[in-house]
Amino acid sequence: MATIHGGYQDNTPATSPAVLPSKQNVAPAKTVDTQSVLKRLQSELMALMMSGDPGISAFPEEDNIFNWKGTIQGSKETVFEGTEYKLTLNFPADYPFKPPKVKFETSCFHPNVDVYGNICLDILQDKWSSAYDVRTILLSIQSLLGEPNTSSPLNTQAAALWSNQKEYRKMVEKLYKPPTA
C-alpha cells in the first residue's frame with residue numbers, strides 16, 4: 001500500500017515493521033484519497049452554484065480546484081450593506097478533515113479581521129467539522145460581518161468603534177476599497 005508523506009510517495013510494503021501499528025492504543029492516521037477530495041470539492045461547487053444564497057459565491061481559480069476565489073456582499077441592514085469583499089480559499093490535501101485557509105483579499109475593517117486579511121472565526125480553527133462546506137463557510141463569514149465577536153478581536157480599533165454604528169459605517173466607507181475584477 002502506498003501512502004503519501006509530506007508530498008512524496010512512500011512505497012514501503014504495508015508489512016514492513018516501519019509501518020505496522022504499535023501495540024499501544026494509537027489511532028491510525030487518516031489517509032485522504034486525492035480523488036475523494038476532488039469529488040468533494042466538485043460536489044461543493046455544484047451545491048454552492050445551485051443554492052442561490054444571496055451575496056455569496058466562490059469558484060476554483062483557473063485549473064486548480066484546491067484554490068478558490070470567493071465573494072461576499074455585506075448583508076442588508078448592517079454597516080457593511082453595499083460592500084463586496086473578495087476572499088481566497090485554499091484547501092489542504094486532507095480536506096475536509098482540516099479546514100481551508102480563508103483570507104480577505106479586499107481590505108475589511110472588522111473586529112475579527114486583521115490588516116493582512118486573516119479571519120478569526122472558530123469554525124475555521126478549533127471548531128472545524130468535516131460537515132462544513134464552502135457554502136457554510138461563506139455564510140458564516142457573511143454573518144460574522146454583521147455580528148462580530150468583539151470580545152476576541154484581531155482589530156482592536158474596529159472592536160472599540162463597533163458600539164457606535166454610525167461612526168463605524170463612516171470608517172467602513174472611508175476604508176472600503178471596492179474589489180477590481
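Accessible areas here come from the Shrake-Rupley method with a 1.4 Å probe. They are computed on a predicted model.

**Exercise 1.** Determine how much accessible surface the protein chain has, and which share of that surface belongs to carbon and sulfur atoms.

*Solution.* The accessible surface of the chain amounts to about 11300 Å². Carbon and sulfur atoms account for 53% of this area. Turning from surface to interior, 34% of the 181 residues count as buried.

**Exercise 2.** Describe the order of helices and strands along the protein chain.

*Solution.* The chain contains four helices and six strands, and, read along the sequence, these elements follow the pattern β-β-α-β-β-β-β-α-α-α. Among contacts between residues at least 6 apart in sequence, 52% join residues at least 24 apart.

**Exercise 3.** Classify the aromatic pair formed by Tyr 85 and Tyr 176, and work out which parts of the chain the pair ties together.

*Solution.* The structure holds ten aromatic pairs. In the pair of Tyr 85 and Tyr 176, the ring centres lie 5.4 Å apart with 70° between the planes; because planes over 60 degrees apart count as edge-to-face, the pair belongs to that class. Next, Tyr 85 lies in strand E5 (residues 84-90), whereas Tyr 176 lies in the segment after helix H4 (165-175), so the pair connects parts that are 91 residues apart in sequence. Buried means under 20% relative accessible area, and therefore Tyr 85, at 1%, counts as buried, as does Tyr 176, at 16%. Finally, both tyrosines belong to a cluster linked by ring pairs, whose members also include Phe 80, Phe 104, Phe 109, Trp 162 and Tyr 168.

Definitions and conventions: Residues are numbered from 1 along each chain as its sequence is written. This is a predicted model: local features need pLDDT of at least 70, side-chain atom pairs count only at pLDDT 80 or more; totals for chains, interfaces and linings use all residues. Side-chain values use heavy atoms; hydrogens and water are left out. Helices (H or I, at least four residues) and strands (E, at least two) are DSSP runs, numbered from the N terminus. Buried means under 20% relative accessible area, exposed over 50%, partly exposed in between (1.4 Å probe, protein chains only). Contact means heavy atoms within 4.5 Å. Rings of Phe, Tyr and Trp (its six-membered ring) pair if their centres lie within 6.5 Å; planes under 30 degrees apart count as stacked, over 60 as edge-to-face and the rest as tilted.
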